[in-house]
Amino acid sequence: MYDVAIIGCGVIGSSIAYRLSKFNLKTVVLEKENDVAMGCTRANSAIIHAGYDPAEGTLMAKLNVRSVDLTKELCEKLDVPYAQIGSLVLAFSDEESEHVRRLYDRGVTNGVPGLRILSYDEAKAMEPNIADNVTCALYAPTAAVINPWEYALALAETAVTNGVELRLEAEVKSIAKTDAGFAITAGEDTIEAKYVINCAGAEADVIHDMVLPHAFEILPSKGAYYLLDKSEGTRTKHVVFQCPTKVGKGVLVSPTVHGNLIVGPNAADCAVGDTSAGADDLAFVRKMAVKSVPSIDFRQNIRNFAGVRPNSTNDDFIIHMQDGFCDVAGIKSPGLASAAGIAEYVEQMLTDNGVVLTEKASYTDTRTQPRFKEMSHEARAEIVKKDPKFGRVICRCETITEGEIIDSIRRPIVPRTVDAIKRRCCAGMGRCQGGFCGPRVVEILARELGVSRQDIDKDKTGSYIVRERED
Amino acid sequence: MYDLAVIGGGPAGLAAAYSAYEKGLRNIIILERDKELGGILNQCIHNGFGLHRFKEELSGPEYAHRYIEMVQDTSVEVKLDTMVIEITPDKKIFLDSPSGYECIEAKSIVLSMGCRERTRGAISIPGTRPSGVFTAGAAQRYLNMEGLMAGKRVVILGSGDIGLIMARRMTLEGAKVLACVEVMPYSGGLTRNIVQCLNDFDIPLYLSHTVTEIRGDKRLEGLTVMEVDENRRPIPGTEMEFDCDTLLLSVGLIPENELTRGAGIEMDPRTNGAYVFENMETSIEGVFACGNVVHVHDLVDFVSAESARAGEAAADYVLNGPVKGDYIRLVNGDAVGYTVPQKIHRDTVADKIDVFFRVRSVFGKSQIVISSGDTEIQVFKRPYMAPGEMEHIVISADKLKGFDTVTVSAKEA
């Protein structure tokens, strides 16, 4: 019997698992995919928003603003790439200037520090590549960029280190109410837990309906992106937004925390699991992006992708506990930016609902990861002397060594796919997109895991890469 | 302090190191990231290499082996399993290898890092992101080096030479190659490869077509191919569906110049390689570049020839000092996409200047015209020219000396 079962190991499930891992609780996380951060968390704008956008008085506003500092602290503690680069919302007309002023007022009400409205000249001085017809801009210095999947991984890894059990490929098929709590059929097994926390992202409504009367629906909306080479990574210095609309925050242009340029997303209703980036989606993104930053060189594109927003029939996040079942659903934007605050809020909600949380005598609350590329010449020399595997560069584009790949494989959540390696140490994330290092990563994974190369998947289970040659 | 450090031990680096040695340099090191010399030739097990250089037809590994043996008979030092991380403008080289992370210095450097393949991202193919989408070279490595098949039912996008070679190779290994799809109205590869790799195996080539959608959640399940108009936009109503598990991309090569850019060397946006003089010297004195890192070649034989010139020039630089004085600029005229070299030292010691370039479109009977202003300097006749085939002309240095800029252009005769 578990105390708590968390369903879904995206950034929300990971954040809650991390928080609960400090307490004397028997916690399990059930994830349907073969790795963590496989849903909404793996494909989004990767922004920690400052918090001026959500309507006053909403959970979104409260938890977003609360999370800005919490996220920064967590990233420092757990060695997650994070850069507080600030954001600009551009206005292109009098009407949009008015909108920018409303955002400013809302931000002040929400408690966002440091907001300023910039004239065209001030904005242009800060961000020289923006369009000449910008009328004014809202500057939010606390906005940041982050690596979202590494953030989720770091939280989940730390939770596992502290004794949380993570079950991958454990899709929840049914949940039955029992006298003691819940019986959950996940994958091949049935487990029992006193409390269930539903963090199932784009499928949270399905999980909810297994336990409680139908109350909301998830309305998935996909957004497509361009990711440009690092040669374009200095095209902007800040996250450059356009005025938000009902369907989303509009197309943004921003450096990523890795130094690339991200451009997107559009917003299109989609089916659960549909992450195709269609020709129309991409064309729209390009058209809108050059409105903000006309000089983007799309020839430097290295990857397109699309992610899903778990929008819901509710305007706000759905965080609610009833009869031992806690929904953390409809965590649309600013979900990533609010994850840390959501976990704190859920912890309080558990306490309020009679869950006794006593802190463990000891637990791990730090994490580090070797990053060869970021080391000084001296530090590189030292680590290669200690472990010659750091002397073999496998991913040329991102300068990722065999030492880092092996470190990834030996982490608390074992990666079994080429993309799982990419999420942990960035091998294959560069301009050749794994063209050179792909075969070598397959070889290292197969060797370290003791399986054949044909058994290594690229991404989801079943996404095999190579087959035996026939005689 | 080395006299010469050669970055990359593929065909370009081997030829450069060998000719620098022949010219009298002794303290030479080749830095190679792989565990063996030869570069990409090691996975090119088909024949057709060496017809110009050795007057016989060799496989890629055989061609590489000739040069490896030549270099082995010299005192050139070879450091394998070694990746150069950074080059500074004052010729310090930071390198990483299992034997240690270190910094070496050299009086001259030859850059011969080769090129990489353009990927799906570079051409933004819409759709899902399943496994089964490979660059042709990655599939070639799996098959020829590791004995593993990329897939069974294959579509090839792009008619570059590696794609064409892989169409034949996959067919011979039992795969069904359904089509080769090329967005341009002409092939990007050598005519001989179209004939020997597609026509001989009845593999259809769809010119002016492209892949417009990729489908499949886990492994690739299918593709849509559409005809494109003259602006390369898909024409509605021309959709063709392919049921396949593999898409190989042969959509161009990009010189791999991150080290070059890091050193602050001036780059030509047309070649994606460094600007070079006739002796293959870059904008940093004593740093030379050759082979596919400068511009993408069709034939390794020409890589070897160009790299020999770079090696000789490096030796000359170390032994006799730099070539001084101003230079003549080569300008791209009508229908010419780029030239290598882009600059010619006015006081060059060479009496003949090799100029390489590609035309932008297909030509029948045609002329290559070397001119400056209204003055026609030299004219070369060609029966046929195509972007897929690199052109090579030899200009007498004497004829250029009086000019500041010289234009290379092409026209129908």
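**View 1. The complex and its confidence scores.**
The model is predicted, not experimental. The predictor gives the complex an ipTM of 0.95 and a pTM of 0.95. For chain B, the average pLDDT is 96. In that chain, 100% of the residues score at least 70.

**View 2. Chain A in outline.**
Chain A contains twelve helices and 23 strands. Its radius of gyration is 22 Å, close to the 23 Å that the globule rule gives for 471 residues, so chain A is as compact as a globular protein of that length. The C-alpha trace of chain A spans about 60 × 55 × 45 Å along its principal axes. Of its 471 residues, 62% count as buried. Take the contacts in chain A with a separation of 6 or more: residues 24 or more positions apart account for 72% of them.

**View 3. The surface and charges of chain A.**
Chain A has an accessible surface of about 17800 Å². Carbon and sulfur atoms hold 48% of that area. The chain carries 55 positive and 65 negative side chains. The centres of these two sets lie 5 Å apart.

**View 4. Helix H1 of chain A.**
Helix H1 covers residues 11–20 of chain A. Nine of its ten residues are buried, so the helix is largely enclosed by the rest of the structure. Val11(A), Ile12(A), Gly13(A) and Ser14(A) are among the buried residues. The cut-off for buried is under 20% relative accessible area.

**View 5. The cis peptide bond at Pro265(A).**
The bond from Gly264(A) to Pro265(A) is cis. Its omega is near -5 degrees. Pro265(A) sits in the loop between strand S16 (261–264) and strand S17 (268–269) of chain A.

**View 6. The cis peptide bond at Pro334(A).**
Here the cis bond runs from Ser333(A) to Pro334(A). Omega is near 5 degrees. The loop that holds Pro334(A) lies between strand S20 (325–329) and helix H8 (335–352) of chain A.

**View 7. Chain B in outline.**
Chain B contains nine helices and 30 strands. Its radius of gyration is 22 Å, close to the 22 Å that the globule rule gives for 413 residues, so chain B is as compact as a globular protein of that length. Along the principal axes, the C-alpha trace of chain B spans about 65 × 60 × 40 Å. Of the 413 residues, 63% count as buried. Among contacts in chain B between residues at least 6 apart in sequence, 62% join residues at least 24 apart.

**View 8. The surface and charges of chain B.**
Chain B exposes about 15900 Å². Carbon and sulfur atoms supply 48% of this area. There are 43 positive and 58 negative charges in chain B. Their mean positions are 2 Å apart.

**View 9. Glu36(B) and its contacts.**
Glu36(B) lies in the loop between strand S2 (28–31) and strand S3 (47–49) of chain B. The residue is partly exposed, with a relative accessible area of 42%. Leaving out residues up to four places away in sequence, Glu36(B) touches Asn42(B), Leu80(B) and Met145(B). Glu36(B) and Lys79(B) are 43 residues apart in sequence. In space, their C-alpha atoms are 9.4 Å apart.

**View 10. The surroundings of Thr282(B).**
Thr282(B) belongs to the loop between strand S21 (273–274) and strand S22 (287–289) of chain B. Its relative accessibility is 1%, and Thr282(B) counts as buried. Beyond its neighbours within four places in sequence, Thr282(B) is in contact with Ile265(B), Ala274(B), Tyr275(B) and Val276(B), among others. Phe277(B), Val287(B), Phe288(B) and Ala289(B) are also contacts of Thr282(B).

**View 11. Positive phi at Asp81(B).**
Asp81(B) is not a glycine, yet has a positive phi of about 55 degrees. The residue is in the loop between strand S5 (77–79) and strand S6 (83–87) of chain B. Asp81(B) is buried, with a relative accessible area of 14%.

**View 12. Positive phi at Asn272(B).**
Asn272(B) has a positive phi of about 60 degrees, although not a glycine. Its loop runs between strand S20 (267–268) and S21 of chain B. At 31% relative accessibility, Asn272(B) counts as partly exposed.

Key: Residues are numbered from 1 along each chain as its sequence is written. Chains are lettered from A and ligands numbered from 1 in the order in which they are written. This is a predicted model: local features need pLDDT of at least 70, side-chain atom pairs count only at pLDDT 80 or more; totals for chains, interfaces and linings use all residues. Side-chain values use heavy atoms; hydrogens and water are left out. Buried means under 20% relative accessible area, exposed over 50%, partly exposed in between (1.4 Å probe, protein chains only). Helices (H or I, at least four residues) and strands (E, at least two) are DSSP runs, numbered from the N terminus. pLDDT is the predictor's confidence in each residue, from 0 to 100. The radius of gyration is taken over C-alpha atoms; the globule rule is 2.2 Å times the number of residues to the power 0.38. Contact means heavy atoms within 4.5 Å. Accessible areas come from the Shrake-Rupley method with a 1.4 Å probe; for residues, only the protein chains shown count as cover. Lys and Arg count as positive and Asp and Glu as negative; His and the chain ends are not counted. The place of a charge is taken as NZ of Lys, CZ of Arg, CG of Asp or CD of Glu.
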